[in-house]
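This briefing is meant to be read alongside the sequence and the model. Its points are grouped by topic.

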Amino acid sequence: SALFFVHWIFPLPFVTPRQDRLHKFTAQSQAARDLAAMVREEKNIPIFSTNYQWVAYLRFNGLPAQQIPSFGRSSHFTTRPQDPCANDSILILNENHAQLPDTVQSCFPKKTIFKEAQVELRGPVLAHDQWLRYSK
């Protein structure tokens, strides 16, 4: 509709940043490009995310991301789940400090924050994202 198009060009003041799904997707897409650039040079380390939306964003940006099995909502990324614990180390994109499954935390005794970023939309921070490196 015309109002949608106007809001796309000139954000309407009565639509708060938390309600603004149109610009949220734009901000998340930019954040995905930035997050992908942070780890692109990390070779041979499996990449996981806590939800299918971030897996899709990361794959679109050229990273072979996987969704953590049995965490969050199932998706087509979990039809052939890869066990994170089958690796010596992994990177996980964690949004808003989500509590990761005990299975992941129990098989990787070492956890470090590799990189951090935030998703901002017209001022307010919508999400705090962390690249976590888990290793044995």
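Two strands are taken to pair if DSSP finds at least two bridges between them, and the helices (H or I, at least four residues) and strands (E, at least two) are themselves DSSP runs, numbered from the N terminus. This is a predicted model, in which local features need pLDDT of at least 70 and side-chain atom pairs count only at pLDDT 80 or more, while totals for chains, interfaces and linings use all residues. Residues are numbered from 1 along each chain as its sequence is written, and side-chain values use heavy atoms, with hydrogens and water left out.

**Strand pairing**

- Glu-95 stands opposite Asp-129, which belongs to β5, and the strands β3 and β5 pair in the antiparallel sense over 7 bridges.
- β5 also pairs with β4, again in the antiparallel sense, over 10 bridges, and within β5 the bridge partner of Thr-112 is Arg-133.
- A hairpin is formed by β4 and β5 with 4 residues between them, and Arg-122 in the turn has a positive phi of about 50°.
- Because 8 of the 11 residues of β5 are buried, this strand is largely enclosed by the rest of the structure; here buried means under 20% relative accessible area, exposed means over 50%, and partly exposed lies in between (1.4 Å probe, protein chains only).

**Salt bridge**

- The count comes to 1 salt bridge, a term that stands for a side-chain nitrogen of Lys or Arg within 4 Å of a carboxyl oxygen of Asp or Glu.
- The side chains that meet in it are those of Asp-20 and Arg-122, at 2.8 Å from N to O; since Asp-20 lies in the loop between α1 (2-9) and α2 and Arg-122 in the loop between β4 (110-120) and β5 (125-135), the pair ties together parts that are 102 residues apart in sequence.
- Asp-20 counts as buried at 2% relative accessibility, whereas Arg-122 is partly exposed, with a relative accessible area of 39%.

**Disulfide**

- A search of the whole structure finds 1 disulfide, defined as a pair of cysteine sulfur atoms within 2.5 Å, and this disulfide joins Cys-85 to Cys-107 with an S to S distance of 1.9 Å.
- The pair links distant parts of the chain, 22 residues apart, with Cys-85 in the loop between β2 (65-67) and β3 (89-95) and Cys-107 in helix α4 (residues 102-107).
- The torsion about the S-S bond of Cys-85 and Cys-107 is about -70°, so the disulfide is left-handed, and both Cys-85 and Cys-107 are buried.

**Helix α2**

- Gln-28 lies in helix α2 (residues 21-39) and counts as buried at 11% relative accessibility; not counting residues up to four places away in sequence, Gln-28 touches Trp-54, Tyr-57, Glu-95 and Val-119, where contact means heavy atoms within 4.5 Å.
- Lys-24 is also placed in helix α2 but is partly exposed, with a relative accessible area of 28%.
- Leaving aside neighbours within four places in sequence, Lys-24 is in contact with Leu-121 and Leu-126.
- The C-alpha atoms of Lys-24 and Asp-34, which are 10 residues apart along the chain, are separated by 15 Å.

**Helix α1 and the surface**

- Phe-5, Val-6, Trp-8, Ile-9 and Phe-10 make a nonpolar surface patch of about 540 Å², with accessible areas taken from the Shrake-Rupley method with a 1.4 Å probe and, for residues, only the protein chains shown counting as cover.
- Patches are made of residues with over 30% relative accessible area and no salt bridge, like charges being joined within 9 Å and nonpolar side chains (Val, Leu, Ile, Met, Phe, Trp, Tyr) within 5 Å.
- Trp-8 is found in helix α1 and counts as partly exposed at 46% relative accessibility.
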